[in-house]
Structures are given as C-alpha cells and as structure tokens.
Amino acid sequence: MKTASKISQTGDQYRDSKNKEDATLPKLITRTRAPTAKIVPTDINYHKVSLKVTDSEVRKGGFFSSDYVLYTVQTEPLGWKVGRKDSDFYTLRRILKAQFPHTLIPPLPLKSNKMTQKFLTKREKYFSRFLSAISRSEELKSSICLNNFLEIEDLKEFQKVKKFIQRKY
C-alpha cells in the first residue's frame, strides 16, 4: 500500500514532466485572430445604441412607379428618425457584406409585395431585429453606409448617397 507522501511525490513528478517541453515533439503554432478592418470613429461607436423600426406607411407611387412601404427607423439616444424603403434595407445588407466579408451579417426576410397591416407589422419586427443585431458590432457601427442609413433624413438626398455608394460596392 502506498503512503500519502509517496502519492504526492508521484503527482509532483507527473506535473513536472508535463511542464517540461519535449524537444522531440513539434512545437504547436497557435492561430491568431483574423485581421479586422480598422474601426472608424462615428457618432454611434462605443455607445449603447437602440435601433428600432417603429412604423410603416404605404405611400402611393407616382404615375410611372408603384406603391411602396416607408418604414420609420429610430436611433436612440441620438434622436435620429428617418424613413426607409424595403430596398434600402437590402442595399444596406449587401454593402455591409461587401465591406466586411469576414463578419456575419444577419439575414433579412424575403422580398414581397404584400401590404396588409399584419404583414407590415411582422416585417417591422424583422427589420428591427436586423438593425439591433448590427448595432451590437462596433465594427459594423463604424460603417459610413450604416451611419448614412440612420442619419440622413431627406429621402431624395439619401437615394443620391445610396447610388454613389452602390457604384463603389
């Protein structure tokens, strides 16, 4: 029967042999993190920001265009409130995927032409989830495209900026 001192001695020898590196074994090289894009300081970086889609409104199109839905996006605590179309959300996602290919960008619901109140309420919820998922990433919040999406109130001015950015990506 082994005594307690012999057992602790063998345990100490075992620990010592584990701590020594064996010269015959190849040295393991651990991977470092993937390089990320530089985080550019913006108004929403390093702040807890709440992005919500609060309202949807069906707008009548002109003579040559069809009706469309305008969603109200609120940014708290900055107090920004803008109106965005369905297509603006899809364009934002596409641009973010191009800008940050190594980052997981949340999905958006499939496009549809339904305009019932129940359907629009459900889409508001999906778009809110999309924006809140984006707002958890400091890297994504540093995107100029996201800041333009949240900040530019005038719809026509935003469409011009969107077209300019789309040429880049």
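**Exercise 1. Is glutamate 57 buried, partly exposed or exposed?**

Solution. The model is predicted; local features need pLDDT of at least 70, side-chain atom pairs count only at pLDDT 80 or more, and totals for chains, interfaces and linings use all residues. Residues are numbered from 1 along each chain as its sequence is written, and side-chain values use heavy atoms, with hydrogens and water left out.

Step 1. Recall the classes: buried means under 20% relative accessible area, exposed over 50%, and partly exposed in between (1.4 Å probe, protein chains only).

Step 2. Glutamate 57 has 37% relative accessibility, so it counts as partly exposed.

Step 3. Its side chain meets that of arginine 59 in a salt bridge, at 3.2 Å from N to O. A salt bridge is a side-chain nitrogen of Lys or Arg within 4 Å of a carboxyl oxygen of Asp or Glu.

Step 4. Arginine 59, at 31%, is partly exposed too.

**Exercise 2. State how many salt bridges there are, and work through the one between aspartate 86 and arginine 123.**

Solution. Step 1. The count is four salt bridges.

Step 2. In the pair of aspartate 86 and arginine 123, the closest N and O atoms are 3.4 Å apart.

Step 3. Aspartate 86 belongs to helix α2 and arginine 123 to helix α3, so the bridge ties together parts 37 residues apart in sequence. Helices (H or I, at least four residues) and strands (E, at least two) are DSSP runs, numbered from the N terminus.

Step 4. Aspartate 86 is buried at 18% relative accessible area, and arginine 123 is buried at 3%.

**Exercise 3. Describe the salt bridge between glutamate 138 and lysine 141.**

Solution. Step 1. The closest N and O atoms of this pair are 3.2 Å apart.

Step 2. Both residues lie in helix α4, three residues apart, which is about one turn of the helix.

Step 3. Glutamate 138 is partly exposed, with 25% relative accessible area, whereas lysine 141 is buried at 2%.

**Exercise 4. Which residues does leucine 131 contact, leaving aside neighbours within four places in sequence?**

Solution. Step 1. Leucine 131 sits in helix α3 and is buried, with a relative accessible area of 0%.

Step 2. Contact means heavy atoms within 4.5 Å. With those neighbours left aside, leucine 131 is in contact with Leu51, Val53, Val73, Phe89, Leu92 and Phe149.

Step 3. Take valine 53 from that list. The C-alpha atoms of valine 53 and leucine 131 are separated by 8.4 Å, while the two residues are 78 apart along the chain.

**Exercise 5. Locate serine 143 and list what it touches beyond four places in sequence.**

Solution. Step 1. Serine 143 is in the loop between α4 (138-141) and α5 (144-151).

Step 2. At 2% relative accessible area, serine 143 is buried.

Step 3. Not counting residues up to four places away, serine 143 touches Leu96, Gln99 and Phe100.

**Exercise 6. Find the cis peptide bond and place its proline.**

Solution. Step 1. The cis bond joins glutamate 76 and proline 77, with omega about 10 degrees.

Step 2. Proline 77 lies in the loop between β2 (68-76) and β3 (80-85).

**Exercise 7. Summarise the whole protein.**

Solution. Step 1. The secondary structure comes to six helices and three strands, following the pattern α-β-β-β-α-α-α-α-α along the sequence.

Step 2. Of the 169 residues, 34% count as buried.

Step 3. Among contacts between residues at least 6 apart in sequence, 62% join residues at least 24 apart.
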